[in-house]
Amino acid sequence: MSEQNMAATNNKIRQFVLEKFPAFHQKGLQDRDSIIESGIVDSMGMLEIVAFIETEFGVGVEDTDLTPENFQSISALSKFIKTKREPMSKN
């Protein structure tokens, strides 16, 4: 995934998070800010993020993928999506 594609992915994720979790507007959410530690996103919110990723980016999210490393921030989510999509682009 190119830098431009990563930026576009970050923007899509940020837009979704800001729409679904308006409290992030007040905090001025940055790409590397923790969406988990903020306390704004609960377990149901995480399920909404997973559903968004699966629908918007066409990647499957397995139970083993649900780690803080993958879902900590917008940047982490973008890297996770990139990793999940890379094997598909090599075929």
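This is a predicted model: local features need pLDDT of at least 70, side-chain atom pairs count only at pLDDT 80 or more; totals for chains, interfaces and linings use all residues.
Me: Which residue forms a salt bridge with Lys-12, and how far apart are the closest N and O atoms?

Reply: The partner of Lys-12 is Glu-56, and their closest N and O atoms are 3.3 Å apart.

Me: Is Lys-12 buried, partly exposed or exposed?

Reply: Lys-12 counts as partly exposed, because its relative accessibility is 40% and the partly exposed class lies between the buried limit of under 20% and the exposed limit of over 50%. Glu-56 is also partly exposed, with a relative accessible area of 38%.

Me: Which residue pairs with Asp-65, and where in the chain do the two partners lie?

Reply: Asp-65 forms a salt bridge with Lys-84, with 3.0 Å between the closest N and O atoms. Asp-65 lies in the loop between helix 3 and helix 4 (68–71), whereas Lys-84 lies in helix 5 (residues 74–89); the pair links distant parts of the chain, 19 residues apart.

Me: Is Asp-65 buried or exposed?

Reply: Asp-65 has a relative accessibility of 12% and therefore counts as buried, since the buried class covers values under 20%.

Me: Where do Lys-82 and Glu-86 lie?

Reply: Both residues lie in helix 5, 4 residues apart, which is about one turn of the helix. Lys-82 and Glu-86 form a salt bridge whose closest N and O atoms are 3.9 Å apart. Lys-82 is partly exposed at a relative accessible area of 27%, and Glu-86 is partly exposed at 30% relative accessibility.

Me: Let us turn to the nonpolar core. How many residues does the largest nonpolar core have, and which have the most contacts inside it?

Reply: The largest nonpolar core has 22 residues, and those with the most contacts inside it are Ile-13, Phe-24, Ile-49, Ile-53 and Phe-71. At least two residues of this core come from each of helix 1, helix 3 and helix 5. Helix 3 gives the most, with 6 residues.

Me: Which residues does Ile-53 touch, not counting residues up to four places away in sequence?

Reply: With those sequence neighbours left out, Ile-53 touches Gly-58, Val-59, Val-61, Phe-71, Leu-77 and Ile-81.

Terms used. Residues are numbered from 1 along each chain as its sequence is written. Side-chain values use heavy atoms; hydrogens and water are left out. A salt bridge is a side-chain nitrogen of Lys or Arg within 4 Å of a carboxyl oxygen of Asp or Glu. Buried means under 20% relative accessible area, exposed over 50%, partly exposed in between (1.4 Å probe, protein chains only). A nonpolar core is a set of buried Ala, Val, Leu, Ile, Met, Phe, Trp, Tyr and Cys residues joined through side-chain atoms within 4.5 Å. Contact means heavy atoms within 4.5 Å.
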